[in-house]
Amino acid sequence: MNTRAPMIEFQDVHKYYGEYHALRGITATIRAGEFFSLLGPSGCGKTTLLRTIAGFEGISSGAVLIDGKSMENVPANKRPTNMVFQSYAIFPHLTVAQNVGFGLRRDARSKAEKDKLVEEALEMVGLKGYGPRAAHAMSGGQRQRVALARALILKPKVLLLDEPLSALDKKIREQMQVELIKLQREVGITFVLVTHDQEEALVMSDRIAVMFEGEIAQLADPETLYRRPNSRRVADFIGVMNFLPASVTGEANGHIQVEAAGLGAFEIEAAQASAAPAGGQASIGFRPETLTILYEGQTPLDRETPGTIEEVVYYGDMTYYDVKLDGVDVPVRISMRNVFGRPVLDIGTRTRVAWSPGALVLFR
Amino acid sequence: MRRSTASWGFWKTLRATSRSELPKKAPRAEKWRRAMHLASFQFPLPVLSSAMLRKRAAPQETRMAQGSPLSRLKHSEAANGLALISPTALYAILLLAAPLLTILAYSFFKDGYLTVIHEVTFENYKAVWTDPIFRAILLRSLIVSGLVTLVTVALAFPIAYFLSFHVRPDRKSLWLFLITIPFWTSYLIRVFLWKVILGYNGVINSGLKSIGLIGEGQLIEDPLQMLNTVGAIAATLAHAYAPFAILPIFVALEKIDRSLLEAGQDLGESRVMTFLRVTLPLAMPGVVAAVLIVFIPTIGDYVTPELIGGGKLPMVANMIQAQLLPLDNKPMGSAIAVSAMAVVALISLAFVFANRRYLRGPK
C-alpha cells in the first residue's frame, strides 16, 4: 500500500479567516485508494481542510493537488471529488432517484442507461426499489445512503465524507461504518473522512491525520497512532492513556534508561520515545490494556508492581480498575477482560500489577 | 361560540365577587387580576378569561374529560383553538362573509327603479357575460394585474435573493425594515405621487425638458403622455405591491439549506445551473405566494385606475362601483363582482394547481 500513487497533496496550505489562522501550514499526502481520516476536536480545521479539497473553501497560500493537478482556480463543480455532507444535503423537492441521478444531467448516455445506473447505485447502498419515493420522507440512515449513492454514481476520484455518521444512532452508525469500509474496498475510490470520533477513525481508516488548531499533529496508521502517539496531546485524544511522571537517567546505543514513579528504573528502546520533545517534566504513558492485574498464583511475564484498587467500573465485557500503585498519588486505569472464571475485584483490594517496559511510551 | 364550562365557573365567581369583597391592599398580581375581572365584566372576554383560568381549572377538566361526549368536546383542543380564534373569526364573519353573502344574494335579484325586487333570476349574469364592455374591462383588468404581477415578482426576486444570500445575517432585519418604508405613507398618497411623477408637467417630463430632450426642435416635440395609460397603472401598482412580493420570496429563500447549493455544485453543476435546479424550485412556494398576493388584490384595485388612468381606463372595480352607486343597479353590480371573483378564483386555483409539485413536501 505504501507504494500507491499520491491522490491528494497538500503543500504548506494556509488559510486565514480575517485574522483567524484556520490552517497553519498543512503538508500531507493522501494516497490513491486509501481510506483516510481527518480526526480532531471541533474547531481544529479538519472540515475546513476537507472543504479545500472539495473547492468550497479557497486557501490563502500553498497548494492543493488532486491526482497531480493543481486545484488553484478550479471551481467545485469541475473537481474530480464528490462529497457526502454532514446534513446529507438531500434535495427535498426531488425523488430518491432524481437525487441520485442529479449529477448525471451532463452525461451523454441515454435516459434508459442513466436510469439503470441510478438503480445500480441504489442497489449498492441497499436502497433497491426506493427510487420513486420522495427524498424528504426518508429516515436519517436512508438519507445517508442516498447521499452516498448520489456521490458514488459519478465515479469520483475522491469521495469526501464530512462527519457522515454523527447524526445516526449508535447501532446504525456501527452498521454504516462496516458498510462504508466494505463499499470503499469494493469501489476502490479514495475516501477522505472527517470525524471527531476517535473510535470511528480507528475502525475505518487506513491512515489517520490527527489535527489540533489548524495543524496536523500526527499522521499514521491506526495502530501506530494508538500504540505510539507522538505527543501527550495525541495520546490523550485517542483512547485512554495513563501518565506517570518519569525522568530520563541515561541514553545509549538506542536504549533509554528511565525512572518512573511507581514503576522504578527500567530501560526502553529509543523508538518508544515520542519524537516531539514536550519540554519540562518527562512522563511515561501506557494504555489501560497493557497492564494486567495478577490474581493469586499468577506470575508476571515481565515485571510486577504492587498497588491498591481504588475504583471499579463494570462494563459487562470489561472491568475498569483504578489502581493506586505504591508510591504514586494518581491512580492508573487498568482494563481487564471479564473472561470466564475471573472474579471482579473489590475496592480496597491489595493487588499486584504486571507490566512490561515494551508497552510504554516516553514523552519528554 | 359557546363559552366553555371553565369560563362559566369564572362568570359565577365574578358575579359573587363584588369589588368590596376584594382585600383593600392587594398585591400587584391581585391588582392585575382584579383589573382583568372588571375589564371582562364590562367587555365580555370569554376567551381571554378561559385561557387565563385554564391552569386553575385543570383538575376539574380532567374529571370532566371522562364525562359526556359534549363536555369532552368542550374541553378538547379543537374547542380551545376555536375559542382562541373566535374574536377574529367573529369579526371576519361579520365584516367579510356577511357582505359577500349579501352581494351573492343581490346578484340573483331583479333591479327595479330605485328598489331591488327580491325575485331570483339569472338575468344579471346573462347580461354581464353577453356584455362586450364587461368582457373588455375584465380582460383589461386581467392584463394589467398580470403585467403588474409579472413585473413585481420579477423585480422582487432579485431583491429577495440579494437579501437572503448576500446581506450579512445581522443586517437582514435592518434591510427588511427599510423595505417596508413605503408602507409609512398611505397607499392613496403614493398613488398621487405617481401622478406627480408621470404627469404632463410632472417630474419626468420637466426633467427631460430641463436637460433639453423635450421641446420644439428637440428629440421629442411634446411632453410624454404617460398618465392615463395601462403602463402607468401597471407601474404604480407594481411599486405599491413590491414589498408584498419580496417578503414571501425572501422567507422561502431563507428556508433553503445552504449545503444544498454546495451539493449542487459538488455534483458538477455551475452556479447558474444550481440556481435553476435547486434554488428556484425550492423558492417556488414563495414565488407562488407572491404571485397570488399581488395578482388577487391588483385585479380589483379601484384607486389606481381612477387616479392614474384618469377614469378613462376603468378596471373591473370601477365598473362595479359605477353600477352600484351612480347607476344604482345593485343586482347588476353584484353580478359583475361575483363574476370577477369567480374568474380570479379560477385563475388562482389553476395557477396553484399548475405549481402543485413545488408546493408539497416537508414544511
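The model is predicted.

Chain A has 364 residues, of which 39% are buried. Its C-alpha atoms fill a box of roughly 75 × 50 × 40 Å along the principal axes. The secondary structure of the chain comprises 8 helices and 20 strands.

Strand pairing was examined next. Strands of a sheet pair through backbone hydrogen bonds, in either a parallel or an antiparallel sense. In chain A, 4 strands form an open sheet. Their order is β2-β1-β4-β5, and the pairing is antiparallel. Strands β2 (20-31) and β5 (69-70) of chain A lie at the edges, each pairing on one side only. Within this sheet, strand β1 of chain A, residues 6-17, is joined to β2(A) by 9 bridges. The two strands run antiparallel. One facing pair in these strands is A:Tyr17 and A:Tyr20, the latter in β2(A).

A further set of pairings involves strand β19 of chain A, residues 350-355. Strand β15 of chain A, residues 292-294, runs antiparallel to β19(A) and is joined to it by 3 bridges. Here A:Ile293 has A:Val353 of β19(A) as its bridge partner. Strand β16 of chain A, residues 303-314, also pairs with β19(A) in the antiparallel sense, over 6 bridges. In that pairing, A:Thr308 stands opposite A:Arg350 of β19(A).

Chains A and B touch. The contact involves 17 residues of chain B and 19 residues of chain A. On the chain B side, the elements giving two or more residues are α13 (258-266) and α14 (271-299) of chain B. Helix α13(B) supplies the largest share, 6 residues. By class, this side of chain B has 8 nonpolar, 5 polar and 4 charged residues.

Two residues stand out for their backbone angles. Most residues other than glycine have a negative phi. A:Glu213 has a positive phi, near 45°, and is not a glycine. A:Glu213 sits in the loop between β9 (207-212) and β10 (215-220) of chain A. There are 15 other C-beta atoms within 10 Å of A:Glu213. A buried residue would need 20 or more such atoms, and an exposed one 12 or fewer. A:Glu213 is therefore partly exposed.

The second case is in chain B. B:Asn228 is not a glycine either, yet its phi is positive, at about 60°. B:Asn228 belongs to the loop between α11 (203-210) and α12 (230-254) of chain B. B:Asn228 counts as partly exposed because it has 15 C-beta neighbours inside 10 Å.

Conventions
Residues are numbered from 1 along each chain as its sequence is written. Chains are lettered from A and ligands numbered from 1 in the order in which they are written. This is a predicted model: local features need pLDDT of at least 70, side-chain atom pairs count only at pLDDT 80 or more; totals for chains, interfaces and linings use all residues. Two strands pair if DSSP finds at least two bridges between them. Two residues are in contact if their C-beta atoms, placed from the backbone, lie within 7 Å. Ala, Val, Leu, Ile, Met, Phe, Trp, Tyr, Cys and Pro count as nonpolar, Asp, Glu, Lys and Arg as charged, and the others, Gly among them, as polar.
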